[in-house]
Amino acid sequence: ECALTNPKRIIHEFLVEKKLEIFYQNFFKKYKITDNKKIIFKVSNKENILKRIGRYAKYQGVALMVNKLNFGDINDLFNSKKKHNLILIIDKMNDPLNYGAILRTAYAFGIKNILLLNQYMPEENAYIASMASGALEKVNLIKISNLISVIKKLKKENWWILGLESKDLENCENIRNKNIKYDKTALVIGSENEGLRKLVRLNCDVLVRISMNSKIVDSLNVVQATSIALHEICNK
């Protein structure tokens, strides 16, 4: 539904099983989807649809054949007259499922803009879209080539750069004890295995971590950690 109603999403073909044909024909009419998009509405069977999308794709009777979304421009963020007081920066990400889940988490906390590196990030695919549960169509993904230069520019625009660290470093504070009441906050998260890269860490204004009570488990999955961090930031 989110992909169908996203004006930025280019859709070529909509494949649907016969048993769902009437439901989606009515859906198209309700949202006037075909008025703005030239979509081929094709009734098919499960076997033929799975041949198009792959047998291991998550499947519920329909499939969309689409172009990948275009990325936003970082200059639009700086020049925007809309008030943005919280953005997410992903330093690196390896697992597409984690990436999709983080998009969903970020959107749930009201984040509209997410900055990504040109490298070290999964390419858009059906697994990411499925895990994001519609958030892929709702957030503005901005690809950048040099994270350090963008962080420095954000600082000049009065953004506070908050780094989420997994290591118990000397200058890293427990996020529960940190009074986070900045007008504009950029939360930086790192990769699943390495966390924040050293140079990124050094350019953050504040480093925070989620303290563990267990001696055996000393860190959380990046999705869980991001969820807790955003909850703390949004409820201070």
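In the predicted model, the crossing between helices H6 and H10 is right-handed. The residues that form this contact are Asn98, Ala101, Ile102, Thr105 and Ala106 on the H6 side, and Val222, Val223, Thr226, Ser227 and Leu230 on the H10 side. Sorted by class, the contact of H6 with H10 comprises six nonpolar and four polar residues, with no charged residues. H6 covers residues 96-108 and H10 covers residues 222-234; the two helices pack at an angle of about 15°, and their axes lie 9 Å apart. Because angles under 35 degrees count as roughly parallel, H6 and H10 are roughly parallel to each other.

H10 consists of 13 residues, and the distance from its first C-alpha to its last is 18 Å, close to the 18 Å expected at 1.5 Å a residue. The buried residues in H10 are Val222, Val223, Ala225, Thr226, Ala229, Leu230, Glu232 and Ile233. Of these, Val222, Val223, Thr226 and Leu230 also belong to the contact with H6. The cover over the buried residues of H10 includes, besides H6, strand S4 (86-90), strand S7 (160-164) and strand S9 (185-189).

Strand S7 contains Gly163. With a relative accessibility of 0%, Gly163 falls under the 20% limit and therefore counts as buried. When neighbours within four places in sequence are left aside, Gly163 is in contact with Val188, Leu196, Cys204, Val206, Leu207 and Val208. Among these partners of Gly163 is Val188, and strand S9 spans residues 185-189. Gly163 and Ser211 are 48 residues apart along the chain, and their C-alpha atoms are separated by 15 Å.

Ser191 is placed in the loop that runs between S9 and helix H9 (198-202). The relative accessibility of Ser191 is 6%, so this residue also counts as buried. Not counting residues up to four places away in sequence, Ser191 touches Lys92 and Asn94.

For the protein as a whole, the model has 10 helices and 10 strands. The C-alpha trace spans about 60 × 45 × 30 Å along its principal axes. Of the 236 residues in the protein, 45% are buried. Among contacts between residues at least 6 apart in sequence, 83% join residues at least 24 apart.

Notes: Residues numbered from 1 in each chain as written. Predicted model: local features only at pLDDT ≥ 70, side-chain atom pairs only at ≥ 80, totals over all residues. Heavy atoms only, no water. Axes fitted to C-alpha atoms, helices over the stretch in contact; angles between N-to-C directions. Helix = DSSP H or I, 4+ residues; strand = E, 2+ residues; numbered from the N terminus. Parallel < 35°, antiparallel > 145°, perpendicular 65-115°, else oblique. Left-handed = near helix turned anticlockwise from the far one by under 90°. Contact = heavy atoms within 4.5 Å. Nonpolar A, V, L, I, M, F, W, Y, C, P; charged D, E, K, R; others polar. Expected span 1.5 Å × (residues − 1). Buried < 20%, exposed > 50% of the residue type's maximum accessible area, 1.4 Å probe, protein only.
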